Amino acid sequence: MTDSSNNKPVRTRFAPSPTGYVHIGNARTELFNFLFTRHYKGVHVLRVEDTDQSRLVEGAVENMLKVLKTLGIEFDEGAILNDAGHIEERGEFGPYTQSARLDIYKDYIQKLLNNKSAYYCFCTQERLDELRKEQIALKQPAMYDRHCRNLSAEEVASKQDEFKAAGKSPVVRFAIPLEGETVVTDLVFGEMKYQNAVLDDQVLIKSDGFPTYHFAVVVDDHLMEISHVIRGEEWIPSTPKHVLIYKAFGWEAPQFAHMPLILNPDKSKLSKRQGDVAVEDFLKKGYLPEALINFMAFLGWNPKTEQEIFSEQELIEHFDLEKVNKSGAVLDTVKLDWMNSEYIKAKSNAELVELAKPYWQAAGVDTEKFSSAYLEAIVELEKARLKKLADLPELTKYFFNTTGLQIDPEILVWKKSNAKDTHQNLLLLQDLFRITDDDVMNSPEKLEVIVKGFIAEHELDNGSVLWPLRYALTGEEKSPGPFEVTATIFLGLGREEVMNRLQQAISVL
RNA sequence: GGCGCUAUCGUCUAACGGUUAGGACAAGCGGUUUUCAUCCGCUAAAUCGGGGUUCGAUUCCCCGUAGCGCUACCA
């Protein structure tokens, strides 16, 4: 299928450099990329940009792809994950890893060299550093002074020999047109004009023989027939250079769409130090993939309706580059919490138990010891106040610990009651629970009828009975209701445990 | 320093050039409730400043201001 703005079939790519984790900003850009592609039933390609050999991280690509996969983002072509969880190349435009495409770049740089769009540069790092220092001191724009741009053929040849003898290689720079302007048309930012005179003669091939991003991205996007380049806003300033490279080759450039930045609360570009930035971190804390996707989609994009909860399918249906806005968006984890809690509430108890198990186990709970009916009942009670899965063990610890409940007599006594009455009420409760039928003990509703009847019969206050009951069973000032808690503990730990907890409370008074 | 981008409640964001500037999160208040939470109701909260264009600018143009991004043989 084609996008209305262009007649080529939609082919997009995600082009990570394997340097570590999945930054949430990249994930959001990639999400938009993915939604756009699926919306237009295009092909989504994964290309590995490992041209910076000094920053490679082992296993980074696998890790990134796994994280994206758990978010529901998958690829059709390129270096993709196979069923065994390993990288495997698929597609006819390979290789899809840039370090395996060195010969290709060599061929293409020669074309640029031949038509004088590129030139060898023999300047040393020292000269470049010095130059920059001077320019900054003189408050001049810091850019290459094109020292090697007009070297004669003889000069180039002799320098070449010199370098070869020393076992070095010169870099190749792009010869930016000295005059005129370059217009970049962006699907979200519109038209941007640049005077060619302010553009730097970018290095295309580094001295280690690897291409720079700027060169590889143009060659590969062209060769892989990418129709839309969807990337982060930080690439805007280098886009005119890319456009000029396409022009130097005589190629038609793809459509560009830059996505607004994701910001820290202080509006700077999202970074570590100010909180989590890796998708893995959010996943680890128990944010649901569906919630994460939904939340990220709304950072910089809006369907222009009042609906806020969107499934991935709905996002695909509604997503449109035209609805992406230009200004950066602050990542508000408070709203993420809210959205996550909405998704948690929508889960069935059985699903939630499965999701919760790893968190309970990490907290030392042997989940195999408890019935699934019990675990589901627990989850049902905590659903309403759960923001993220990682909070669950702390919230539910009294359902698993049969010892170690700390009962503070000060707290045990309801504020409008006294120790003596509380002691009395707990004893009465014990008597009541000793003889209450199992099916009543198992049901919060039936239990409520019985206990309330008992309160009325003894002419007591609700609070003077219910507060100590709940506190005695949980050891917590804040928790779900007393009938629910009692019935649940009865279900999982038995009448004996209920009686013990009441006894323990009685004993501190 | 140069180049570029952006600008609506605290935050995410709506609003064919004409609306009492809407929604959501957060906040506050109230109801339900023994507690917390859920749920329900209500309240407060914004068009960066200045010029144009126009009968009429949040919206279009210009200037300013602020913020951010880029300015590597990193991506």
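1. A helix crossing is called left-handed if the near helix is turned anticlockwise from the far one by less than a right angle, and right-handed if it is turned clockwise. Keep that in mind for H13 and H20, whose crossing is left-handed. Helices (H or I, at least four residues) and strands (E, at least two) are DSSP runs, numbered from the N terminus.

2. A word on the model: it is predicted, local features need pLDDT of at least 70, side-chain atom pairs count only at pLDDT 80 or more, and totals for chains, interfaces and linings use all residues. Residues are numbered from 1 along each chain as its sequence is written, while chains are lettered from A and ligands numbered from 1 in the order in which they are written.

3. Back to our pair. Helix H13 (residues 372–382) packs against H20 at an angle of about 165 degrees, with 9 Å between their axes (lines fitted to C-alpha atoms, for helices over the stretch in contact, with angles from 0 to 180 degrees between N-to-C directions). The two are therefore roughly antiparallel (under 35 degrees is roughly parallel, over 145 roughly antiparallel, 65 to 115 roughly perpendicular and the rest oblique). Ala 373, Tyr 374, Ala 377, Ile 378 and Leu 381 of H13 meet Glu 484, Thr 488, Leu 491 and Gly 492 of H20; contact requires C-beta atoms, placed from the backbone, within 7 Å.

4. H20 (residues 482–493) has another partner to look at: helix H18 (residues 444–457), at an angle of about 120 degrees and with the axes 9 Å apart. That makes H18 oblique to H20, and their crossing is right-handed. Pro 444, Leu 447, Glu 448 and Val 451 of H18 make the contact with Phe 483, Glu 484, Thr 486 and Ala 487 of H20.

5. Now the RNA. Around RNA strand B there are 63 residues, the closest being Asp 52, Ser 207, Ser 327, Ala 329 and Arg 385; a residue is near if its C-beta atom, placed from the backbone, lies within 6 Å. H19 gives the most to this surface, with five residues.

6. Gly 94 and Pro 95 are joined by a cis peptide bond, with omega about -5 degrees, and Pro 95 sits in the loop between strand E4 (87–90) and helix H3 (102–114). Lys 139 is not a glycine, yet has a positive phi of about 55 degrees; look for Lys 139 in the loop between H4 and helix H5 (153–165).

How values were computed: Contact = placed C-beta atoms within 7 Å.
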